[in-house]
Amino acid sequence: MYRIRFHGRGGQGIKTASRILGSALFAEGYEVQDAPRYGAERRGAPIFAYVRADRAPVYERGIIDHPDLVVVTDESLVQVPAAAVMTGLCDRSVLVIASAAEPELWQQRLGVTCRVLTLPPGPGEGAALMGAASVGAAAKLIGQISAANLEGAIRAELEGLPSDVIERNVGRALESFDSFESHAGCVSEGEALTRASATPPAWVELEVEPTSISAPAIRGEATSEQVQTGLWRTMRPVIDDSLCNHCSWICSTLCPDAAIDVGSDREPIIDYEHCKGCLLCVAVCPSHAIVVEPERAVDEHRSDP
Ligand code: SF4
Ligand code: SF4
């Protein structure tokens with residue numbers, strides 16, 4: 001059975017990539033299962049999606065713990081513990097990271113013994129096509145999918161989108177597919193999980209609580225402010241005052257969490273206690289005055305003497 005995990009950020013087409021790969025494998029005669037996994041949906045948040053494919057019916061369920069192939073579409077995720085990119089990699093796994101750095105450098109950084117490959121972003125390529133590039137790479141590395149079935153799966157999945165978007169995605173996926181020719185078929189199938197080899201879960205016993213504790217009625221008003229959604233953030237929007245023209249309402253109005261206030265001089269003020277890091281404000285600012293910094297970098301900067 002092939003077990004594949006895609007890791008990326010919300011908005012990079014990770015869920016779509018897993019669906020396309022699943023459809024292409026299905027077209028090749030495989031029994032397939034694909035599923036995304038994410039929490040509260042927002043752009044920029046770490047998410048993953050997984051695909052299982054076998055010639056026999058797939059009865060295995062749940063998150064893939066021991067992947068044959070892991071594809072990471074955003075290299076900054078490798079250092080985010082919550083993204084769990086490295087979980088379950090073993091010597092025979094293949095790890096693909098979207099990065100301009102050399103694979104050997106990643107191998108040293110991560111201290112892994114598995115095969116590491118990199119998927120360099122195309123010139124001026126934004127995050128939007130990384131899903132297509134990833135699925136093209138995965139299809140070639142698995143070595144069981146023809147270019148025609150890959151293209152057919154992309155067209156079926158993206159049906160309804162503008163034709164130029166579909167063509168860009170098909171073009172990027174096929175380009176990536178061809179670029180991994182020298183590694184075609186390097187992903188090997190993992191062992192089927194049998195009843196005897198399955199490890200039972202470590203059950204957590206919970207004491208029975210009174211209903212008033214386990215199912216409390218919340219009657220207070222305006223309590224949402226107490227939810228610190230700022231803790232969800234992995235990427236932080238930062239306003240560059242030299243570029244902001246104080247248009248006032250665009251970022252402030254469109255922030256889905258009302259986390260941008262407008263000051264007395266019409267300057268935007270981000271409430272980092274509640275900004276969840278969806279980065280919508282970055283996309284809508286007409287002056288490109290909002291830049292993105294990884295939270296980790298901000299923390300390190302803060303701890304500088
Ligand atoms: S949308 Fe951009 S230019 Fe307008 S107030 Fe916000 S940061 Fe400033
Ligand atoms: S300020 Fe609002 S729009 Fe910008 S990242 Fe935070 S939650 Fe998203």
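Start by colouring the two domains: the centres of domain 1 and domain 2, taken over C-alpha atoms, are 30 Å apart. Select 2-183 for domain 1 and 228-302 for domain 2; these bounds come from an automatic or database domain assignment. Where they touch, domain 1 gives nine residues and domain 2 gives 10 residues (contact is C-beta atoms, placed from the backbone, within 7 Å). On the domain 1 side of that contact you'll find four nonpolar, three polar and two charged residues. Here Ala, Val, Leu, Ile, Met, Phe, Trp, Tyr, Cys and Pro count as nonpolar, Asp, Glu, Lys and Arg as charged, and the others, Gly among them, as polar.

A word on the model: it is predicted, with local features needing pLDDT of at least 70 and side-chain atom pairs pLDDT 80 or more, while totals for chains, interfaces and linings use all residues. Residues are numbered from 1 along each chain as its sequence is written, with chains lettered from A and ligands numbered from 1 in the order in which they are written.

Next, select residues 14-27 (H1) and 130-142 (H3); helices are DSSP runs of H or I, at least four residues, numbered from the N terminus. Their axes lie 9 Å apart at about 30° (lines fitted to C-alpha atoms over the stretch in contact, angles running from 0 to 180 degrees between N-to-C directions). Show side chains: Ile14, Ile20 and Leu21 are among the H1 residues meeting H3, whose partners include Val135 and Ala138.

Finally, which residues are closest to ligand 1? Pick Cys244, Cys247, Ile250, Cys251 and Cys285, from a surrounding set of 13 residues (C-beta atom, placed from the backbone, within 6 Å). That shell splits into nine nonpolar, four polar and no charged residues.

Terms used:
Two residues are in contact if their C-beta atoms, placed from the backbone, lie within 7 Å. Helices (H or I, at least four residues) and strands (E, at least two) are DSSP runs, numbered from the N terminus.
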